[in-house]
Amino acid sequence: MSDLLSIGASGVRTYQTALATTSENIANAGNASYVRRTPTIREIVGGNGWNTSSPNGKGASADSILRAGNAYADQSLRAASADLSRTQTGSVWLERIETALGSGGLSSRLTSFFAAGTALQADPGSAALRAGMLSAGSSVADAFGVTSRALDAAAAELDGQAGQATAELTRLNQAMLKINQGLVRTAPGTSAMAGLMDQRDDILQQMSALSDISVTMDDAGRATVRAGGANGPVLVDPRDASEVAYGRTGGNVGLAVRRPGEPVALYDPDSGSLAGMVEGAQRIASSRDMLQRVAGDLTATVNDLQGQGEDLKGVKGTDFFESNPKDATDFKVKLTGGEQIAAARGGGSRDSSNLTQLAAARSAKGFEGSVQALVTDNAATLKQRRLVGDAQSAIRDGAITTRSELTGVNLDNEAVDLLRFQQAYQASSRIIQVAKETFQSILEIR
């Protein structure tokens with residue numbers, strides 16, 4: 001009878017564990033970070049002493065909790081999420097560039113400036129037309145300033161967000177280190193171990209959204225994570241966690257990994273939001289450089305032509321624009337009156353041959369075309385990224401579905417298991433009750 005009690009008690013303990021595991025699965029059915037658990041139930045083999053061949057069992061035991069993790073599904077989801085994150089982040093900054101390039105109405109103001117010069121060609125003695133050309137020149141200068149400041153503001157905002165992203169990646173490195181340390185202190189095959197592995201995989205997913213990573217696991221489930229591929233710098237391993245930093249030198253940006261006791265390692269991410277930010281920073285810098293070249297070429301061309309012509313009083317022309325030597329987009333009209341515009345080339349007040357040269361320079365150097373090409377190229381790139389983003393979003397959704405099917409909770413299956421374990425628990429309880437009643441009947445024999 002003592003064996004009967006042991007069998008019932010082992011069954012109660014075993015199916016309590018099974019019911020708890022199933023209940024935990026059901027409670028986390030909507031948690032994307034949760035991986036289904038399954039209790040491993042085995043029979044306790046009977047027989048001891050000289051009778052080791054007894055066919056009778058001695059109950060049941062829930063030896064461990066199996067976690068339905070799938071490394072291939074996890075890796076596919078991380079890769080798909082990293083690619084999508086880069087595209088989406090890059091699109092955000094392309095949109096910011098598009099907004100900045102349109103903020104000052106630069107292309108239309110350049111057109112207005114040259115149109116004012118063309119109008120003055122027809123009547124070079126008109127004070128109103130001369131004043132109009134000066135005003136149009138001021139508008140062009142303002143437009144370059146507004147556009148360049150908008151790009152600078154976008155770059156500053158990007159730097160701030162990139163700094164926050166690298167700080168978040170550093171925090172995730174530290175969190176992963178603590179999980180690695182916890183995994184070696186936790187008994188394998190337990191619910192606590194499964195919970196730590198869920199946290200580990202969730203953190204890896206968050207890391208991959210920031211940067212492409214390469215992950216290897218040891219026998220204890222501890223992760224070694226490298227940035228930028230299998231040969232990249234180590235972000236975290238079972239012993240240490242690295243610090244990640246973002247930096248800018250002029251138009252060049254980069255990411256650095258500082259590992260305790262080792263030299264700083266630079267890396268260039270291929271995917272993840274940090275890759276999108278690096279790309280965005282480079283495009284902002286490229287747009288700013290193009291704007292500088294157009295502004296510098298414009299002011300130099302106009303000033304050169306001014307120096308070759310004569311103003312309304314027949315005096316040699318002076319510079320039309322005054323530029324900041326450190327920033328070509330920062331310039332203003334230097335002339336104080338319309339009569340100082342050098343429209344003529346020795347032909348008197350009715351001569352406008354110098355303005356004809358300005359029109360020729362406009363066509364030859366394509367100032368408006370350069371600005372419009374910058375806008376068009378950015379718009380085309382943005383459109384292409386959105387199309388790629390739609391495709392990558394579908395790939396990511398497919399990876400999520402695949403992972404969910406392999407590792408997620410199916411409520412129908414859990415309902416069946418719950419009913420089965422409840423019945424087994426009740427049967428085990430009944431065994432104990434029968435043993436108790438049998439003992440009581442024996443004790444009552446007179």
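Two strands are taken as paired when DSSP finds at least two bridges between them. The views below show a predicted model.

**View 1. The hairpin of strands S4 and S5 contains a glycine with positive phi.** Strand S4 covers residues 223-227, and S5 covers residues 234-236. These strands run antiparallel and are joined by two bridges.

**View 2. Strands S3 and S4 form an antiparallel pair.** Strand S3, residues 213-217, is connected to S4 by five bridges. Val215 has Val225 as its bridge partner in S4. The hairpin of S3 and S4 has five residues between the strands, and here Gly221 adopts a positive phi near 85°.

**View 3. Strand S4 has a covered and an uncovered face.** Ala223, Val225 and Ala227 make up the covered face. Thr224 and Arg226 make up the uncovered one.

**View 4. Arg239 forms salt bridges with Asp237 and with Asp240.** The closest N and O atoms of Arg239 and Asp237 are 3.5 Å apart. For Arg239 and Asp240, the N to O distance is 3.7 Å. Arg239 counts as exposed because its relative accessibility is 59%, and the cut-off for exposed is over 50%. Asp237 counts as buried, at 7% relative accessibility. Asp240 is partly exposed, with a relative accessible area of 25%.

**View 5. Glu368 and Arg362 meet in a salt bridge.** The N to O distance between their side chains is 2.8 Å. Glu368 has 14% relative accessibility and therefore counts as buried, a term that applies under 20%. Arg362, with a relative accessible area of 23%, is partly exposed.

**View 6. Five residues are linked in a salt-bridge network.** The network contains Arg37, Arg67 and Arg200, together with Asp198 and Asp201. The structure as a whole holds 27 salt bridges.

**View 7. Helix H4 is capped at its N-terminal end by Ser126.** A side-chain oxygen of Ser126 lies 3.4 Å from the backbone nitrogen of Ala128. Helix H4 comprises residues 127-185, 59 residues in total. From the first C-alpha to the last, H4 reaches 88 Å, close to the 87 Å expected at 1.5 Å a residue.

Terms used: Residues are numbered from 1 along each chain as its sequence is written. This is a predicted model: local features need pLDDT of at least 70, side-chain atom pairs count only at pLDDT 80 or more; totals for chains, interfaces and linings use all residues. Side-chain values use heavy atoms; hydrogens and water are left out. Helices (H or I, at least four residues) and strands (E, at least two) are DSSP runs, numbered from the N terminus. The expected span of a helix is 1.5 Å times one less than its number of residues. A polar contact is a pair of N or O atoms within 3.5 Å; within protein, one must be able to donate a hydrogen and the other to accept it, and residues adjacent in sequence count only if both atoms are side-chain atoms. A salt bridge is a side-chain nitrogen of Lys or Arg within 4 Å of a carboxyl oxygen of Asp or Glu. Buried means under 20% relative accessible area, exposed over 50%, partly exposed in between (1.4 Å probe, protein chains only).
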